[in-house]
Amino acid sequence: MTWTPQAAEIAREAGARLREFFAQGVATEYKGDVDLVTVADRTVEKLIRTRLGEVFPEHGIYGEEGTRERMDQEYRWYVDPLDGTTNFAHGFPQFCVSLGLEQRRTGLKPDEDGTILAGVIYDPMRDELFEAELGRGATVNGKPLHVSKTAHLAEALVATGFPSRKRHQSPNIHFYHEFTLRSHGVRRAGSAALDLAYVAAGRLEAFWEFNLNPWDTAAGVLVVTEAGGRVSDFAGGPFQLESREVLASNGLIHDELVGMFVDLFAGRGLAPIPTPGEFAAMRELRAKGLE
Ligand code: IPD
Ligand code: CA
Ligand code: CA
C-alpha cells in the first residue's frame, strides 16, 4: 500500500490555494500572544480535510486548525495546512503544507506513538515536493534525497525555531547563541517542516526546536530518517510526536549535538552574556578604534 501519491496530489492542490492567498494578501488575526492565523490556514485545512476524507474515508485527521476526525482509527493524518504562518502573513515566501501519516495499532494509549508511515511536505513557492514512505526512502520532486556528509558541527549549517506562545519561557535563545558560536551559522527560517526537509536534502546538517506539535514534525521526521538522517530527543533518546523536543541531523554530527545539549542543560556554556560594564568597555574600545 502506498499513500504518498494521493497525499502529494492533495498537498499540491493545497499549496496552489496558498499561492493564490499569498498573491492576493490576507488579513491576520491573533490566536494568542504572537501566534498568528489567517483565512488561508483555515480554508486550506478545510480543503485538506475534505480531500483526505474522499481518498481515505477510514483514516483519522488531526489538524492544527482544529480538525479532529475519526481519532479512534488505526491510521491518522497529522495536518499542518500552512507551516510558516508568520512568514506568510508578512509576505516572506518560506512556508509549506505538511501531511504525515501515523499507524496506531489497537491498544495504544492516547499519549503513545504509533509508527509514522508516510510524509509529504510541499513548498508551493519553489514547487518542491518532499516525500517519504517508511522503508522506501525519501525524494524531492521524484529525485532521491540524502543527508549531508559533514562530520563536524564546526563545519555545519544548522537551524532552529522559536515558539509563538509563551516566548518568554523558552530557553532556546541560549542554545541559539551557543550553536552560532560553534557552527557555520544558525538559520531561523520560520517553517519547521521545511527545516526538517532541508536536513533530509543536505542543505542543513541539523535542526532542533522545543515545543513543536505533531503536525509540525510527523512528516518531516520520516523524510529525515528515510534520507539517512537521525531524529531523537535532546538526550539522544527516541523521538516522540508529543515529546516537545526534536533534534534532527545527518546522523554524523548527532552525538556531538547531544553532547552539547547535555553540557548546556548542565550550565556548561561557552558564552556568558557580557555584563553592562563589559558592554561599556567594548563600546569604548570600538570608539577608540582599538577593538
Ligand atoms: C511554526 C513554524 C515555526 C516554528 C514554530 C511553529 P506555524 O508553525 O513551524 O518555524 O518555529 O514553533 O509553530 O504556526 O507557522 O504552523
Ligand atoms: Ca506549524
Ligand atoms: Ca500551521
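Donors are N, O and S atoms within 3.2 Å of the metal in the case of Ca. In this predicted model, D80 bridges two such metals, the calcium ion (ligand 3) and the calcium ion (ligand 2). The two ions lie 3.8 Å apart.

E64 sits in the loop between β3 (60-63) and β4 (68-69), and L82 sits in strand β5 (residues 75-83), so the pair ties together parts that are 18 residues apart in sequence. E64 has 22% relative accessibility and therefore counts as partly exposed. L82 has 1% relative accessibility and therefore counts as buried.

A helix pair was examined next. Two packed helices are described by the angle between their axes and the distance between the axes. Helix α1 (residues 4-24) and helix α2 (residues 39-55) have axes that come within 10 Å. These axes cross at roughly 160 degrees. Angles over 145 degrees count as roughly antiparallel, and α1 and α2 are therefore roughly antiparallel to each other. Their crossing is right-handed. On the α1 side, the contact is made by Q6, I10, E13, A14, R17, L18 and F21. On the α2 side, V39, A40, T43, V44, L47, I48, R51, L52 and V55 take part. The residues of this contact divide into 11 nonpolar, two polar and three charged.

Definitions and conventions:
Residues are numbered from 1 along each chain as its sequence is written. Chains are lettered from A and ligands numbered from 1 in the order in which they are written. This is a predicted model: local features need pLDDT of at least 70, side-chain atom pairs count only at pLDDT 80 or more; totals for chains, interfaces and linings use all residues. Side-chain values use heavy atoms; hydrogens and water are left out. Axes are lines fitted to C-alpha atoms, for helices over the stretch in contact, and angles run from 0 to 180 degrees between N-to-C directions. Helices (H or I, at least four residues) and strands (E, at least two) are DSSP runs, numbered from the N terminus. Angles under 35 degrees count as roughly parallel, over 145 as roughly antiparallel, 65 to 115 as roughly perpendicular and the rest as oblique. A crossing is left-handed if the near helix is turned anticlockwise from the far one by less than a right angle, and right-handed if clockwise. Contact means heavy atoms within 4.5 Å. Ala, Val, Leu, Ile, Met, Phe, Trp, Tyr, Cys and Pro count as nonpolar, Asp, Glu, Lys and Arg as charged, and the others, Gly among them, as polar. Donors are N, O and S atoms within 2.8 Å of the metal (3.2 Å for Na, K and Ca); water is not among the atoms, so sites may look incomplete. Buried means under 20% relative accessible area, exposed over 50%, partly exposed in between (1.4 Å probe, protein chains only).
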